[in-house]
Amino acid sequence: MNSRRYCVIGYPVKHSFSPKLHNGWFKKNKIKARYVKEEVKPEDLGKFMCGFREKFAGANVTIPHKEKIMKFLDEVTPEAREIGAVNVIVNRGGKLVGHNTDVVGAMAALKSAVKIIKGKRAVVLGAGGAARAVVYGLKKAGAQVVILNRTIENAERLAAEFDCKFGALEDFDAANCDILINTTSVGMWDENSGDYKIQTPLPCHPELVSGSSPQKPVVMDVIYRPKMTRLLKDAKACGCKVVTGEKMFLAQAAESFKLWLR
Ligand code: ATR
């Protein structure tokens, strides 16, 4: 086995900044290792994972594989199992172990702007793999969580799992929100079109973010490219404190790096 090869598994994965970041950290720490991108279509995930343990010492897992990847691993940490999503794989002598560092990343980023999360009213936009980690972290920190999603059935399912309220994106009410976190892919950089610059998961903006309440929510986006999504720009223009996805991305990456070198 080439014990020093790592990758990010996703689809699409062209936009990923992970190789640059991890290769930079390997170099800085004088570690002989290489980190590459592996674009794997959902229907090819099983085939790709067949040869994984011989080729790679570890990986990051991203859209849309964070949930499906679990069945190809030998072990999943209790926390990742509870979250229902894995974003890091560690190859421990041929045994593939799944972890979730998105929770630590998301909460570290959020805590840079919100000191006390307990009792806060948090609204999570989206109900996919990224939402799972964010909802888990918020609930564990004692927040009251509402999940809003385009497909209401997906919000309902996730809300039932984590004991939250749920609704449609149109239900967002800034007056009843202290923390707003976007976990949908809306507003993410797209090499084929500039539409991402105007896309926001909130159907009507910026009024929805500003609301009429003098208490403005802290707004965080898990998207890190672009750094300032349309949602964050609108929120900032309304006087909200914003937390970029870059903060979460760097924090989860640092945790992955620690796990691989442990
Ligand atoms: P990830 O693992 O990054 O969370 P995912 O599991 O594919 O990715 O989830 C993507 C999320 O973005 C979902 O909540 C999805 O909403 P649906 O449940 O309705 O599919 C949301 N999403 C994707 N495209 C969207 C769009 N154009 N408008 C609103 N929500 C969207």
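Which residues does Q252 touch, not counting residues up to four places away in sequence? In this predicted model, where local features need pLDDT of at least 70, side-chain atom pairs count only at pLDDT 80 or more, and totals for chains, interfaces and linings use all residues, Q252 touches N60, N87, T101, D102 and G105. Residues are numbered from 1 along each chain as its sequence is written, and side-chain values use heavy atoms, with hydrogens and water left out. Contact is taken as heavy atoms within 4.5 Å.

Q252 belongs to helix 10, which covers residues 245–261. Helices (H or I, at least four residues) and strands (E, at least two) are DSSP runs, numbered from the N terminus. With a relative accessible area of 8%, Q252 is buried; the classes are buried for under 20% relative accessible area, exposed for over 50%, and partly exposed in between, using a 1.4 Å probe and protein chains only. The side chains of Q252 and N87 are joined by a polar contact of 3.4 Å. A polar contact is a pair of N or O atoms within 3.5 Å; within protein, one atom must be able to donate a hydrogen and the other to accept it, and residues adjacent in sequence count only if both atoms are side-chain atoms. Between the C-alpha atoms of Q252 and V123, which are 129 residues apart along the chain, the separation is 21 Å.

T101, one of the residues touched by Q252, is placed in the loop between strand 6 (95–99) and helix 5 (102–111). T101 counts as buried because its relative accessibility is 3%. Apart from neighbours within four places in sequence, the contacts of T101 are N87, V88, Q252, E255, S256 and L259.

The ligand sits in the largest pocket. On a 1 Å grid over the protein atoms alone, a pocket is an open set of points with protein on both sides within 12 Å along at least five of seven lines, whereas a cavity is a set of points where a 1.4 Å probe fits but cannot get out; lining residues have an atom within 4 Å of a point. A molecule sits in a cavity or pocket if more than half of its atoms lie within 2 Å of its grid points. Around the ligand there are 13 residues, of which A127, A130, N149, T151 and N154 come nearest; a residue is near a molecule or strand if one of its heavy atoms lies within 4 Å of it. A polar backbone atom of G129 is 3.0 Å from an oxygen atom of the ligand. For side-chain N or O atoms, the distance to a ligand oxygen atom is 2.9 Å at R150 and 2.8 Å at N154. Taken alone, the ligand exposes 640 Å², and the protein buries 73% of that. Accessible areas come from the Shrake-Rupley method with a 1.4 Å probe; for residues, only the protein chains shown count as cover.

D178 is located in the loop between strand 9 (165–168) and strand 10 (179–182). The relative accessible area of D178 is 18%, so this residue is buried. A polar atom of the D178 side chain lies 2.7 Å from the backbone nitrogen of R121. R121 is also among the residues that D178 touches, together with K120, P217 and V218, when residues up to four places away in sequence are not counted.

E38 is part of strand 2, residues 34–39. At 21% relative accessibility, E38 is classed as partly exposed. Leaving out neighbours within four places in sequence, E38 is in contact with C7, V8, I9, G10, V13, F48 and F56.

Some backbone features lie in loops. The peptide bond from Y11 to P12 is cis, with omega near -5°, and P12 is in the loop between strand 1 (5–10) and helix 1 (18–28). A cis peptide bond also leads from I63 to P64, with omega near 0°; P64 lies in the loop between strand 3 (58–61) and strand 4 (75–76). K30, although not a glycine, has a positive phi of about 55°. K30 is in the loop between helix 1 and strand 2 and is exposed, with a relative accessible area of 77%. D163 is likewise not a glycine and has a positive phi of about 55°. The loop that holds D163 runs between helix 7 (152–162) and strand 9, and D163 is exposed at a relative accessible area of 62%.
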